[in-house]
Amino acid sequence: MVAITPIVLSALWTGVKKNFQQGFDAQMEESFYRDFCTVVNSEDASETYDWLGDAPEMREWIGDRVIKDIKASGYQIANKDWEATIGVKATDIKDDKLGTYAPRFVRMGESAARKPDQLLSELMDTAHTLPCYDGQNFFDTEHPVYANHDGTGAVTQVSNMAAGTGPAWYLLDLNSVLRPFIFQDREAIGLVNKEDPTTSDHVFIKNSYLYGAEGRFNVGFGFWNMAYRSQQPLTNDTLDAAIEAMMGFEGDGGRPLGIKPTHLVVPTTLRGAARKVVKAQLGDGGATNVNFEEVELVVNSWLKRVA
């Protein structure tokens, strides 16, 4: 029987960290949230993004500078706490059965690395029901665009979605440093432990040693005009229509935004249709596929598979 000593617990902690990091690093290689999101380091319980209005464009300097105040949006993202915990029984340490725990800690590392992707995907799935900085739902048919550069004048309602009955697919413009979504990072995911029976009631009462991952972060919306949602069947025609709609987006005062979609994001149920549209060089009948590699394809297994 193995005695539970500080040396044994130190070796256990070293193994836990190694196994967790192995799973975390492997999964992070497949992660996409940093590509889809503007990453913001948070310093409080929540952050207010009042800069999500129109920003000024460069103009020829004739006369005095023209000062443009950015429209305050008041859009706020509150941080959330996340955790995963595994208890290691004292009897398993004494009986030298720690090998059975290694896969669990690898899996916990994978789960921790996947959480931002999962969280972002859940946000995308519900973004047509949640408001963004302009007060409309992020995917909506009535985003307000004003006639004047200062956000005044007549309002034109602009849509960044196409209704339908099928599973949703998405076009994103990821050309800019600023992205369609925001990942707000308050506390990076890390490991903690409870191993000392003199300070941990759980160890003393339950005879179990605790090892957990914890982090504090959340996701939210950036610029709606850098994303498009469609529930129409995914074909060359519907992809063309979505691309043209995005490229036609204008800011206040009729200023072209220069939007150019770069990524097509689909659930697993649309993988075949998406590959046919953007990965096949030839279309039906052997004709050239004009949308071959027009955008990069991302198959997101976290997105809803059905409407």
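How many bridges join strand 8 (residues 169–172) to strand 14? There are 3, and the two strands run antiparallel. This is a predicted model, in which local features need pLDDT of at least 70 and side-chain atom pairs count only at pLDDT 80 or more, while totals for chains, interfaces and linings use all residues. Residues are numbered from 1 along each chain as its sequence is written, and side-chain values use heavy atoms, with hydrogens and water left out.

View 1. Helices (H or I, at least four residues) and strands (E, at least two) are DSSP runs numbered from the N terminus; two strands pair if DSSP finds at least two bridges between them. Leucine 171 has leucine 264 of strand 14 as its bridge partner. Strand 14 also pairs with strand 15 (residues 296–299), in the parallel sense, over 4 bridges, and histidine 263 stands opposite glutamate 296.

**View 2. Threonine 48 in strand 2 (residues 46–49).** Threonine 48 is partly exposed because its relative accessible area is 41%. Threonine 48 and glutamine 76 are 28 residues apart in sequence, yet 4.2 Å apart in space, C-alpha to C-alpha.

How values were computed. Buried means under 20% relative accessible area, exposed over 50%, partly exposed in between (1.4 Å probe, protein chains only).
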